[in-house]
Amino acid sequence: MPPATPLLSLVQLLVPQTRSNPKLRNDLVEKAQAILDEHPAPSVETDISHLGGLMKRQLQQGSSATAAMNAQRFTNLLSRFLDQDVVTQKHATLLFLQSLASVSPPEPAPRKYLPSLGAPPPQSRERASSLRQTSGPRTNGDVPSPAQPRTKAELLKEHRLNQGRQNLPEHLLLRDVLYLLQGISGKYVHFSDAQTPGDERSLVFIDPSRYVIPAPTRELIHRLSELGHLYSRVSSFIQASEGNVSAGLIKQSLCHHLQSQLSEYFRLVAVLESQMAQTAGDETDSTSLPRQDSGLTLRRLEVWVEEWRLRMRMMSVCVEGCKETSGGALVSLIHTYTDNGDPFVRQFTDALLEEVSKPFFSTLHRWIYFGELHDPFLEFFVAVDPNLADQQYVQSSNALDFTSERSKGKADSGLRLWKGKYKFRLEMLPRFLGEEFGRKIFSTGKSLNFIRYSCHDSDWVTTRNKLSNSGKVLRYSDISGLERSIDAAYRIASQRLFDVFFEKFKLRDHLLACKNYLLLSNGDFADHLMDNLTSNLSRPANHLSRHHLTGALETSISATNSRFDPPDVLRRLDARMLAYNHGEIGWDVFLLEYKVDAPIDTVLDPASMEKYSILFKYLWRMKRLETVLRESWMKLACGSKVIFRIPELQHHWHQIHISMAEMIFFVRQLRSFSQLAIIEQSWRELSEVMNKKEEDLDSLINAHQTYINNITNRVLLRSTRPGKEDVVRQLVDEAFEAMLQFKEATDDLYKYSLGEAARLDSEKDAERGVYTAPATRSLGKEHLSRTLRLVEQFSVGFSKAAMSVYSDVNALEDQECKTLSVQLGFSDYYTSKRQIWKQQQQSQDSRAS
């Protein structure tokens with residue numbers, strides 16, 4: 001075996017048959033070694049300065065200023081080149097550059113079909129083959145160049161001729177490759193059938209008996225056949241989508257764009273077929289090799305389809321991704337391919353998105369400018385609830401039909417229509433918009449739709465004209481313009497919706513009415529209503545009549561400043577009775593309500609009105625206790641000269657005055673905390689939001705819900721701990737109940753004191769000889785002791801409940817609620833009282849033990 005190991009490896013790589021045929025391998029290695037020995041490399045003197053001078057003189061030919069300038073630039077570049085340490089073969093580099101400069105450019109070939117398919121003329125190849133002969137200066141005269149050596153391809157060709165088989169002519173393979181580019185099998189190369197629909201097709205070569213297809217050619221055909229495989233995949237997707245009636249508009253647009261791309265691809269294939277036909281016509285023998293200096297070859301074919309290979313790959317990726325996606329998700333998928341460093345991929349994807357997104361932007365245009373959703377294939381990121389799609393509100397012209405509105409229930413409330421008619425689908429939102437921007441688009445169209453079909457705005461035409469003037473053509477290539485257009489539409493639609501609610505439907509008046517009447521912020525009205533209803537509400541609930549309640553309500557309105565409120569507000573007020581049980585009185589079932597209709601119930605929704613009712617019942621009971629305790633205190637103050645005539649009751653009445661003062665202080669601090677610290681402060685925050693009129697209706701709805709939730713949680717002293725939300729509220733109810741029982745027991749003691757004082761006066765009159773009417777019989781000591789026990793029991797019960805409220809309120813998480821603890825215990829009254837009770841309890845326990 002020859003000792004040249006690299007040469008042996010090269011022979012085995014180029015001729016795979018030599019790996020199993022030692023005789024053939026040795027023959028080829030020996031022949032290759034003989035060729036290398038017969039053609040030694042020419043020896044030239046590596047004189048860089050001499051070579052540089054030759055090149056400079058060549059540049060100085062001519063007398064123009066350009067030649068002198070070029071020579072000067074060459075001198076500067078040469079000096080910089082020689083200072084570089086990176087280039088080691090400086091002489092060889094300069095020799096190569098001089099050889100390139102000595103070659104004249106070839107004459108351009110006539111362009112019949114494709115401009116780059118023509119090969120350079122033969123004389124240029126002759127000049128290129130003579131570069132080695134004139135590559136550098138000769139020091140010993142001109143030496144004739146050796147004979148042109150044979151290439152490796154010629155050696156392999158000669159070897160195959162010796163073996164009896166030649167390579168398959170390239171023009172035959174070209175015909176098959178053009179078939180492969182169209183996804184069609186050829187005569188010598190064809191696609192194998194897939195075993196299952198998900199399997200990939202492979203490429204099969206069929207070698208004729210007289211010819212062989214070499215491995216490099218097979219590899220080249222493999223690369224070219226990728227284009228046909230991708231074409232088949234894209235074409236199959238287009239055909240399947242055309243037959244699918246449920247394919248969306250965006251997918252149809254994608255198929256249309258892909259079909260237009262395939263049409264351009266077919267035009268290229270047609271040009272290549274024409275060029276191949278011309279090349280085949282120049283051949284005299286179909287079995288002979290085609291001329292390699294002109295026409296279409298496999299290498300040139302690969303160059304011409306390289307761009308289309310990238311296109312087909314991108315189209316194939318889009319096709320594979322959109323099989324499971326549609327609509328806005330498909331647009332997002334294609335948009336992800338724009339984040340690519342390859343300019344070609346980025347440009348192709350942008351052009352694809354520009355066409356594919358047209359149905360999306362058409363739907364977007366109707367949504368943000370008209371408030372209409374036209375999405376038959378559910379491709380948009382906004383979806384409509386079919387149950388609410390045709391729901392509309394019709395305002396009555398004369399009187400408000402509140403009964404019919406209430407009979408509809410929560411299902412038809414304005415808030416449910418606003419919140420539930422349209423849904424935001426994040427999965428269908430294109431990524432180039434972003435979630436925040438998509439929410440703004442969603443709110444814009446929803447506001448316009450609500451103005452038109454729920455508010456029945458007669459000035460809708462004006463709003464539409466403003467939107468039309470601010471709107472532009474929406475397209476993917478102008479994202480910045482898209483953002484400006486949507487911002488303008490969002491601002492106009494939101495402002496118009498606020499104007500409709502506040503100017504046409506007087507939303508501020510309704511919110512203020514709920515605060516003044518249901519939260520008892522209107523003090524004179526609450527006092528008059530309490531005075532007018534006291535006699536009625538003290539009776540059993542089954543003895544009440546609704547017309548008496550409404551009459552008292554109308555009297556209270558006409559007697560106070562409430563009569564100056566808008567008539568639409570006053571006619572919405574109504575007094576009614578709740579469902580009652582046996583034994584309940586009017587105070588337990590009375591309720592003042594404020595009736596709302598569409599579209600006001602979008603903000604004052606049924607859930608919020610239910611919270612207003614809960615707050616009214618709580619504040620009304622607090623108002624009743626304050627009134628009752630105030631009247632009881634005034635009664636005791638007026639009768640103090642009488643009741644203090646009984647010496648044995650003076651101490652008890654003194655303790656009663658102390659307990660009653662404590663109760664009045666407790667109730668007034670609760671009312672002050674509820675009205676001033678909570679309700680008024682929350683109303684101030686809500687008024688700021690209404691005055692700004694920023695963002696959209698959702699912000700107003702959220703602001704009102706925050707307003708009513710803060711009032712409910714803080715006024716009712718609710719905790720955030722699970723299972724213990726209403727612990728403090730229950731303690732307050734216990735304190736309220738103890739106050740009412742204490743008041744009733746005090747009234748009994750007051751009656752006893754008046755009777756006992758009258759009896760004592762009668763006895764003194766009899767002693768003086770003055771005749772008076774007979775005094776009523778005394779109730780007895782037993783009744784007195786029982787009454788005193790009840791008074792003390794209820795007083796102690798209230799004190800314990802008040803102390804518990806004081807300590808538990810201080811432990812609440814809400815900082816606003818802790819101010820109530822400061823108001824109740826500012827003098828450390830409950831702290832000192834708790835210590836006294838502990839000492840008394842300890843002393844009792846010690847005596848008992």
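This is a short walk through one protein chain, from its overall make-up to a few single residues.

First, a caution: this is a predicted model. Please keep that in mind throughout.

Let's start with the whole chain. The chain has 849 residues, and 43% of them count as buried. DSSP runs give 32 helices and 8 strands.

Next, the inside. The largest nonpolar core has 114 residues. Which residues have the most contacts inside that core? They are Phe 590, Trp 620 and Phe 666. And which helix gives the most to this core? Helix H27, residues 650-692, with 14 residues. There is also a second, separate core. That one has 77 residues, including Val 177, Cys 322, Tyr 476 and Leu 482.

Back to Phe 590 for a moment. Trp 620 we have met already, among the residues with the most contacts inside the largest core.

Now to Arg 621. Arg 621 sits in helix H25. Buried or exposed? Arg 621 counts as partly exposed, because its relative accessibility is 26%, and buried would need a value under 20%. Which residues does Arg 621 contact, beyond four places in sequence? Asp 733, Phe 736, Glu 737 and Leu 740.

Rolling a probe the size of a water molecule over the atoms shows where empty space is left. How many cavities of 30 Å³ or more does the count come to? The count comes to 3. The largest cavity has a volume of about 60 Å³.

Who lines that largest cavity? Here is the list: Leu 249, Ile 250, Pro 359, Phe 360, Thr 363, His 374, Asp 375, Pro 376, Glu 379 and Phe 380. Two elements give two or more residues to this lining: helix H10, 249-281, and helix H14, 358-370. The largest share comes from H14, with 3 residues. By type, the lining residues divide into 6 nonpolar, 2 polar and 2 charged.

Thr 560 is in the loop between helix H22, 546-558, and helix H23, 567-570. Thr 560 counts as buried, because its relative accessibility is 2%. Beyond four places in sequence, Thr 560 is in contact with Asp 524, Phe 525 and His 528. Then there is Asp 747, in helix H29, residues 727-768. Its relative accessible area is 13%, so Asp 747 is buried. Not counting residues up to four places away, Asp 747 touches Ser 632 and Lys 635.

A word on cysteines. How many disulfides does the structure hold? The number is 0. Cys 455 counts as buried at 2% relative accessibility. Cys 514 counts as buried at 0%.

Last, some backbone details. The peptide bond from Ala 598 to Pro 599 is cis, with omega near -5°. Pro 599 lies in the loop between strand E8, 590-594, and helix H25, 606-638.

Two residues other than glycine have a positive phi to point out. Glu 695 has phi near 60°. Its place is the loop between H27 and helix H28, 697-715. Leu 717 has phi near 55°. Leu 717 is in the loop between H28 and H29.

Are these two buried or exposed? Glu 695 is exposed, because its relative accessible area is 52%, where exposed means over 50%. Leu 717 counts as buried, because its relative accessibility is 1%.

That is the tour. Thank you.

Technical notes. Residues numbered from 1 in each chain as written. Predicted model: local features only at pLDDT ≥ 70, side-chain atom pairs only at ≥ 80, totals over all residues. Heavy atoms only, no water. Core = buried A, V, L, I, M, F, W, Y, C linked by side-chain atoms within 4.5 Å. Buried < 20%, exposed > 50% of the residue type's maximum accessible area, 1.4 Å probe, protein only. Helix = DSSP H or I, 4+ residues; strand = E, 2+ residues; numbered from the N terminus. 1 Å grid on protein atoms, 1.4 Å probe; cavity = no way out; pocket = protein on both sides within 12 Å on 5 of 7 lines; lining within 4 Å. Points joined across faces, edges and corners; volume = space filled by probe spheres on them. Nonpolar A, V, L, I, M, F, W, Y, C, P; charged D, E, K, R; others polar. Contact = heavy atoms within 4.5 Å. Disulfide = S-S within 2.5 Å.
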